[in-house]
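Please examine the model shown here before reading on. The explanation is meant to be followed with the coordinates open.

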Amino acid sequence: MQGDLKALAQMQFLSSIIASRASLAASMGKSFGGKRDLYEALGYPLSLKYEDYYAQYQRGGIATRIIEAPVNGVWEQKPEVIEDVDGETEFEKGIQEIIKKKRLFHYLRRVDILSCIGQYAVLLLGVDDGQTLDQPLDTASELLYLQPYSEDSATIAQWEKDVTNPRYGQPLVYRLKMQEPGQPESFQIKDVHYTRVLHVAQGLLESNVYGIPRLERVFNRLLSLELIVGGSGEMFWQGAFPGLQFNAQPEMNMSQTAADMKEKIDEYVHGLKRYLTTQGLDVQKLSSDVADPTNHMDVQLSVISIATGIPRRILEGSERGELASSQDEKNWNGRLDSRRRDETEPSLLRPVVDRLIEIGVIPPPRGGEYTVNWPDLSAPSNKEKADTGYVRTQAIEKYVNSGADMLVQPRQFFEEVLDMSVDQVDRLLAGTEDAYAALKEEERQAQADAAAQADAAAQAQATAQPQQGQQNV
């Protein structure tokens, strides 16, 4: 009886949540006490499903960029998973084998993208434990494969409902729609225990399971862009051939020539025929206006940039022929670095590594801890290094030739004017001292060689003079 009451209470709670969300969706876009419905007038859907987001991702270029730009920015430079000890450890060997042979980062990037499209995604761990997928995973010796699944292909079949369980409110069993090998259109449904998958959800707020799809906040803007771009194409199509107006003369009998004229007009409009016989008709070209959609697109793209936090030039990409400003790149790199620390590493990378350690696929780190080192996004590129070196070389040349070293000491010039670090200045001055010592040694050696040659010449001359005197006698 108590269990029935508890189940009834849970059902009532879920019903209230569903009702409140439905009420919220129904009130979106309404103003003036419900008299004006912007969503209905503008054609925006009140509720969105995974299929809506996925369709935008597949066929909308801007939506694809919104999803993939942060993901590609994070995984473009791969992290390093190490222990803070000297020498290569067994843990490092094990994780490197998974990274290289099983292409770990490749699959993490794919599940990262899927989790951004929908509310969540899962990564299936295929191991050699000899159990079926619906059984708990305890131990294994080898990771056989990795396979990502979207929210649409990984529905949640059972939940943990025990409020005393640490996993309360978390999925217990997933129902995966798995593709039949070699049959792209055929699928089999299998129940999979939660211990065999990694649940990835981003943009979590109240729920620990369902995140906020990345396209949700900008979905209306994406639809508006479709209208602007599609409308501009239709406007050009109609404006390129605005149409013709045929005015019949009063004496002309249109009932007899209408069919014949229709056939000739169709040949002119839809065929390759570029002349038209219009005896008895006055033909006038209809005027049309073709507006420039650029300003309208700029408004939508600016709002999308603000909502997603992606700078406009980063959002549009280098395909437009414009490079992002240094400030844009700095802000974007900061955002990517924050995403790596706060989302990618704690919710994606570490859970996979921890799970592989837990089931015995890779050895645990000796100290119990490991470090994930991400490359420095602010590090200059090779071209930037070359440009900086060239500018600094020119500055040093002018500094030396101008005699400014009499007023500003070299160390002060390098550190404060050229903004070089103390270590860089120490290495530079040490190299200068070595080069100076080498030059002095070369000069000393050259002087010694010259003196030796002079002595040899003097000795040769002294030896030659007695011989000459004997010959004269």
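This is a predicted model: local features need pLDDT of at least 70, side-chain atom pairs count only at pLDDT 80 or more; totals for chains, interfaces and linings use all residues.

In soluble globular proteins, nonpolar side chains tend to be buried together. Here, the largest nonpolar core comprises 59 residues, and the members that touch the most others are Leu108 and Ile362. Apart from neighbours within four places in sequence, Leu108 contacts Trp75, Leu123, Leu348, Leu349 and Val352.

Helix α5 spans residues 90–101, and its 12 residues extend 16 Å from the first C-alpha to the last, close to the 16 Å expected at 1.5 Å a residue. Phe91, Glu92, Gly94, Ile95, Ile98 and Ile99 are the buried residues of α5. Viewed down the helix axis, these buried residues fall within an arc of 165°, so they line one face of α5. They pack against β3 (80–82), α6 (104–117), β5 (143–150) and α11 (326–359). On the other side of α5, by contrast, Glu90, Lys100 and Lys101 are exposed. After α5 comes Arg103, which has a positive phi, near 55°.

Strands of a sheet pair through backbone hydrogen bonds, either parallel or antiparallel. In this model, 3 strands make up an open sheet with the order β6-β7-β8 and antiparallel pairing. Its edge strands, β6 (154–159) and β8 (183–193), each pair on one side only. On average, neighbouring strands of the sheet are turned by 25° against each other, direction ignored. Strand β7 (residues 171–180) is joined to β6 by 5 bridges, and Val173 in β7 is the bridge partner of Gln158.

Notes: Residues are numbered from 1 along each chain as its sequence is written. Side-chain values use heavy atoms; hydrogens and water are left out. A nonpolar core is a set of buried Ala, Val, Leu, Ile, Met, Phe, Trp, Tyr and Cys residues joined through side-chain atoms within 4.5 Å. Buried means under 20% relative accessible area, exposed over 50%, partly exposed in between (1.4 Å probe, protein chains only). Contact means heavy atoms within 4.5 Å. Helices (H or I, at least four residues) and strands (E, at least two) are DSSP runs, numbered from the N terminus. The expected span of a helix is 1.5 Å times one less than its number of residues. The arc is that of the directions from the helix axis to the C-beta atoms. Two strands pair if DSSP finds at least two bridges between them. Axes are lines fitted to C-alpha atoms, for helices over the stretch in contact, and angles run from 0 to 180 degrees between N-to-C directions.
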